[in-house]
Amino acid sequence: MRYPAGAIAVLIALALGGCASSSPSWTGVYHATVEGVTGTARVSASGDRVRMEFSSQRKNSVSILRYDRGVAWLLAPTMAVYREIPLADLRRDVPLFFDPALRVNRTELGKELLDGRDTVKYAAEITQNGATFRGYLWEAVPPLPVPLRWEDERGAVVSWEQVVPAPVPPGQFEIPGGYVEAAAALGQNVMPRAGRHPE
C-alpha cells in the first residue's frame with residue numbers, strides 16, 4: 001500500500017495539540033500546512049492518549065499516539081492492519097504539543113481577534129527532545145485545550161477549529177479487535193516508514 005508523502009508527514013508527525021490542557025478530554029479538527037502541503041485530521045484526546053483520523057477521497061486511516069506506552073499505532077482500516085513505531089521515531093517538522101514532556105516559553109505580544117475570537121498572541125520558543133522551535137502562538141480567551149494557531153519562523157502553519165471539551169471513550173485509543181500487524185500479515189512494505197503516516 002502506498003501513501004502520499006506530503007499531507008502524511010504534515011499531520012501525525014506534526015501533531016499539534018494540548019497547549020493549555022484545560023480539559024483532559026476533547027475533540028477538534030486540525031489543519032497543518034508545511035512546505036505548501038496541507039493536511040486535515042479529526043482529533044480526539046484524553047490525557048496522554050491521542051487519536052487522529054485522516055480522510056481523503058481514496059483512503060481513510062487512523063493514528064493513535066500512546067504517550068503512556070511510548071508508541072504510535074498507524075492503522076489502515078480498509079485492510080484491518082496496523083504498524084507500531086516508537087513515538088521517538090516520529091518526524092518533527094513542528095512541535096508535537098501532545099507530548100507531556102514539551103516545554104513552551106511564551107512572551108505575550110498582546111491581544112488579537114482571530115477568526116472572530118479573542119486571543120492572546122505570544123512569541124514562543126518550544127523545546128522538545130533536544131529540538132527548538134520558534135514562532136508565534138495564538139491561544140483563545142478563555143483558553144481551550146489546544147491553541148488556535150501556530151506559525152513558525154519557516155512558514156509552517158497549524159490551526160484548530162471545532163474544539164470541544166468532551167469525554168472520549170477509552171476504546172478509541174486501542175487497536176480494534178481483528179486487526180493484525182502489517183509486517184506479519186502482508187510483508188514489510190505495506191505501511192509507511194516512521195515519520196510518513198497515512199492520510
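Modeller: Buried here means under 20% relative accessible area, exposed means over 50%, and partly exposed lies in between. The model is predicted. Side chains of opposite charge can pair when their charged atoms come close. The structure holds nine salt bridges.

One of the salt bridges joins E139 and R106, with an N to O distance of 3.0 Å. E139 belongs to strand β9 (residues 131-140) and R106 to strand β7 (residues 103-114), so this pair ties together parts that are 33 residues apart in sequence. E139 has a relative accessibility of 11% and therefore counts as buried. R106, at 33%, counts as partly exposed.

R51 and E53 form another of the salt bridges, and their closest N and O atoms are 2.9 Å apart. R51 is buried because its relative accessible area is 13%, under the 20% cut-off. E53, by contrast, is partly exposed, with a relative accessible area of 31%.

The side chains of R134 and E125 also meet in a salt bridge, at 3.0 Å from N to O. Both partners fall in the middle class: R134 is partly exposed at 40% relative accessibility, and E125 is partly exposed with a relative accessible area of 31%.

Methods: Residues numbered from 1 in each chain as written. Predicted model: local features only at pLDDT ≥ 70, side-chain atom pairs only at ≥ 80, totals over all residues. Heavy atoms only, no water. Salt bridge = Lys/Arg side-chain N within 4 Å of Asp/Glu carboxyl O. Buried < 20%, exposed > 50% of the residue type's maximum accessible area, 1.4 Å probe, protein only. Helix = DSSP H or I, 4+ residues; strand = E, 2+ residues; numbered from the N terminus.
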